[in-house]
Amino acid sequence: MDEKIYDVMILGGGPAGLAAGLYAGRSGLSVLIIEKGIDGGQIALTHGIENYPGQANIDGMSGQELVAPMTEQCRKFGCERVSDTVSACDFGGAVKKFIGSRGVYQARSAIVCTGAMTRFIGCAHEAEYVGKGVSYCAVCDANFFRDLEIYVAGGSGVAAEEALYLARFGRKVTILHKGYELAASPDIKREIEENPKIRVLFGVEIVDLGGDGLLSEIVIQSVSTGERTVLKADEEDGVFGLFGFTGRRTTGMFDGVLDMQGGYIVTNEKMETNIPGVYAAGDVRVTPLRQVVTACADGAVAAMQCGKYLRKKK
Ligand SMILES: Cc1cc2nc3c(=O)[nH]c(=O)nc-3n(C[C@H](O)[C@H](O)[C@H](O)COP(=O)(O)OP(=O)(O)OC[C@H]3O[C@@H](n4cnc5c(N)ncnc54)[C@H](O)[C@@H]3O)c2cc1C
């Protein structure tokens with residue numbers, strides 16, 4: 001057990017956690033950030049960001065470049081950091097606890113910033129083409145596929161809505177769906193049917209991807225007959241986009257502990273959960289937009305609320 005009791009402990013060192021650390025540390029609170037992997041979270045995986053306001057290079061920069069100064073700012077303002085995977089929490093008392101594989105961490109307030117991981121489409125060679133044609137975020141990457149062909153994997157309401165968004169960018173959008181009906185609301189289905197740029201291929205699954213560096217081939221298989229078809233990018237384009245919307249998963253650690261909705265933590269606009277002194281920020285919470293800018297804003301709000309909560313407790 002780490003004997004030290006911090007003012008704030010932050011679970012997750014992605015953009016939400018780092019922004020929370022910066023704001024909490026800078027306002028004089030003692031802060032521990034617990035991160036199981038590398039700082040930066042999901043954004044550290046991406047090579048091309050061009051929508052973070054004020055980013056140093058407006059022509060695009062990598063996620064790691066974007067978050068490196070955030071890590072430095074946390075260090076500058078005295079945040080401590082530990083590498084550990086937390087598997088349980090105890091929010092029962094005035095001192096909150098996170099139980100990790102290397103220790104038990106304690107603080108008078110806690111911010112959960114564990115993010116939400118995209119589910120992979122699950123086909124062969126998928127990982128090779130992430131950022132080279134394969135994406136899981138239309139808001140992040142649609143602009144890279146202007147006037148190109150775009151494919152969407154998934155048949156949920158989210159997939160359908162994202163297809164409508166992508167149709168504003170791509171020359172043509174094709175939804176590839178294993179099932180035989182989109183699980184979208186009637187008005188969204190109507191918009192899909194009426195959009196001349198969108199077509200839906202039902203009863204197909206994506207089994208393999210190919211291309212010379214960039215994604216230019218998608219192998220699909222009929223669910224009913226097993227017949228395979230290779231979809232190829234136009235030679236002139238040399239690449240097409242494949243956006244996977246087959247679901248996202250959060251940690252599950254807070255099920256039954258915090259109020260949840262659809263796997264995400266419910267907060268109010270102050271990032272407060274149903275337990276006083278416990279906050280959630282970023283992709284892990286119920287929110288209409290999951291981006292770096294919103295994660296950072298959430299982290300800042302949560303950190304400032306921790307300060308207010310701790311002052312009241314004194
Ligand atoms: C490929 C890709 C491209 C993207 N492109 C853009 C873009 O261009 N612009 C944009 O604004 N957004 C983009 N996003 C979205 C953006 O990355 C997320 O919205 C943002 O990272 C959310 O920040 P977060 O801190 O809430 O969560 P995350 O970034 O997911 O960070 C959560 C952190 O918590 C840690 N963690 C989780 N569970 C535990 C545990 N049990 N113990 C210890 N640590 C734990 C994880 O290791 C992770 O580092 C992209 C996402 C992806 C996947």
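Predicted model: local features only at pLDDT ≥ 70, side-chain atom pairs only at ≥ 80, totals over all residues.
How many bridges pair strand E10 with E11, and in which sense do they run?

**Entry 1: the five-stranded sheet**

I looked up strand E10, residues 172-177, and found that E10 and E11 pair in the parallel sense over five bridges. Within this pairing I noted that Thr-174 stands opposite Arg-199 of E11. I then followed the whole sheet, which is open and has five strands in the order E8-E15-E9-E10-E11, with parallel pairing. At its edges I recorded strand E8 (134-135) and strand E11 (198-202), each of which pairs on one side only.

I next asked which helix lies across E9, E10, E11 and E15. I found helix H4, residues 157-166, in that position. Helix H4 runs at about 170° to E9, which spans 149-153.

**Entry 2: the three-stranded sheet**

I turned to a second open sheet, in which three strands follow the order E12-E13-E14 with antiparallel pairing. Why is one side of strand E12 and of strand E14 left without a neighbour in the sheet? I found that E12 (204-210) and E14 (228-232) stand at the edges and have a single partner strand each, so one side of each lacks a neighbour. I also noted that the twist averages 25° from one strand to the next.

I then examined the pairings one at a time. E12 and E13 are joined in the antiparallel sense over six bridges, and Ile-206 has Ile-220 in E13 as its bridge partner. The two strands E12 and E13 form a hairpin with six residues between them. In the turn of this hairpin I noted Gly-211, with a positive phi of about 145°.

**Entry 3: helices H1 and H6**

I looked up how the axes of H1 and H6 meet, and found that they come within 7 Å and cross at roughly 35°. The crossing is right-handed. On the H1 side, I listed residues of the contact including Pro-15, Ala-16, Gly-17 and Tyr-23. On the H6 side, the contact includes Val-292, Cys-296, Asp-298 and Met-304. By class, I recorded 14 nonpolar, two polar and one charged residues in the contact of H1 with H6.

**Entry 4: the ligand**

I asked which residues are closest to the ligand. Of the 37 residues that surround the ligand, the closest are Gly-12, Gly-14, Gly-41, Gly-115 and Gly-282. I noted that helix H1 (15-26), strand E2 (31-35) and helix H6 (292-313) each give two or more residues to this shell. The shell divides into 17 nonpolar, 16 polar and four charged residues. I also found that the shell draws at least three residues from each of domain 1 and domain 2.

**Entry 5: the two domains**

I recorded the domain assignment of the protein chain, which gives domain 1 as 5-116 + 250-313 and domain 2 as 127-244. The centres of the two domains, taken over C-alpha atoms, are separated by 33 Å. How many residues does each domain give to the contact? I found five residues from domain 1 and four residues from domain 2.

Key
Residues numbered from 1 in each chain as written. Pairing = 2+ DSSP bridges. Helix = DSSP H or I, 4+ residues; strand = E, 2+ residues; numbered from the N terminus. Axes fitted to C-alpha atoms, helices over the stretch in contact; angles between N-to-C directions. Near = placed C-beta within 6 Å. Nonpolar A, V, L, I, M, F, W, Y, C, P; charged D, E, K, R; others polar. Domains from an automatic or database assignment. Left-handed = near helix turned anticlockwise from the far one by under 90°. Contact = placed C-beta atoms within 7 Å.
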